Amino acid sequence: MAPYVEPGGSWRTFWIVAAVFAVFLTLDLALPGSEVPAVLWLVAVVAVLGIVGAGCLSARRMWTVRVDADGLAVGRERVPLADLDADHLLAVDSGADAGAPVLGGGWSLPRGRTGLPLKLTDGRTVLVPTRDPAALRAALLAARGTLDA
């Protein structure tokens with residue numbers, strides 16, 4: 001079985017901000033007038049790109065959804081495949097159970113994601129934040145060995 005991986009974030013924002021800084025630096029060097037000191041450029045670029053990079057990295061670490069032979073993982077939280085209620089998984093495709101905790105932590109689902117409710121064998125329900133609930137559901141059913149995917 002090939003593992004299913006849904007990245008929690010991308011580096012696109014980091015590269016867009018870096019490109020904007022490059023344009024501003026080019027304009028500063030090309031246009032006549034008072035130039036911004038190099039030290040100020042360095043401090044601004046390092047500070048802003050550092051903050052944006054930290055945000056991108058933390059989103060990737062916290063919200064990446066992974067399904068493999070070991071189970072389902074969202075960030076640092078892991079649920080073994082044996083703990084998933086396969087009958088409930090066959091019956092549901094997306095939605096949100098009110099009050100169910102979000103797997104991976106956080107108070108609510110991240111922006112741009114849908115919650116796939118998973119019922120565990122101990123009776124608890126958790127929400128898995130995903131951009132593609134159908135693909136995640138199919139990956140979980142394939143990992144569980146349920147043929148009715």
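Helices (H or I, at least four residues) and strands (E, at least two) are DSSP runs, numbered from the N terminus.

The model is predicted: local features need pLDDT of at least 70, side-chain atom pairs count only at pLDDT 80 or more, and totals for chains, interfaces and linings use all residues. Residues are numbered from 1 along each chain as its sequence is written, and side-chain values use heavy atoms, with hydrogens and water left out.

**Helix α1**

Helix α1 spans residues 12-30, 19 residues in all, and reaches 27 Å from its first C-alpha to its last. That is close to the 27 Å expected at 1.5 Å a residue, the expected span being 1.5 Å times one less than the number of residues. Its buried residues are F14, A18, F21 and D28. Seen down the axis of α1, these buried residues fall within an arc of 80°, so they line one face of the helix; the arc is that of the directions from the helix axis to the C-beta atoms. They pack against α2 (38-63), with contact meaning heavy atoms within 4.5 Å.

A nonpolar surface patch is formed by I16, V20, V23, F24, L27 and L31, with about 540 Å² of accessible area together. Patches are made of residues with over 30% relative accessible area and no salt bridge, with like charges joined within 9 Å and nonpolar side chains (Val, Leu, Ile, Met, Phe, Trp, Tyr) within 5 Å. Accessible areas come from the Shrake-Rupley method with a 1.4 Å probe; for residues, only the protein chains shown count as cover. F24, located in helix α1, is partly exposed at 46% relative accessibility.

**Salt bridges**

A salt bridge is a side-chain nitrogen of Lys or Arg within 4 Å of a carboxyl oxygen of Asp or Glu. By this rule the count comes to two salt bridges.

| Side-chain pair | N to O distance |
|---|---|
| D68 and R78 | 3.6 Å |
| R124 and D122 | 3.0 Å |

The side chains of D68 and R78 meet in a salt bridge. This pair links distant parts of the chain, ten residues apart, with D68 in strand β2 (residues 65-68) and R78 in strand β4 (residues 77-79). D68 is buried, with a relative accessible area of 17%, whereas R78 is partly exposed, with 43%. In the other pair, R124 is partly exposed at 47% and D122 is exposed at 51%.

Technical notes. Buried < 20%, exposed > 50% of the residue type's maximum accessible area, 1.4 Å probe, protein only.
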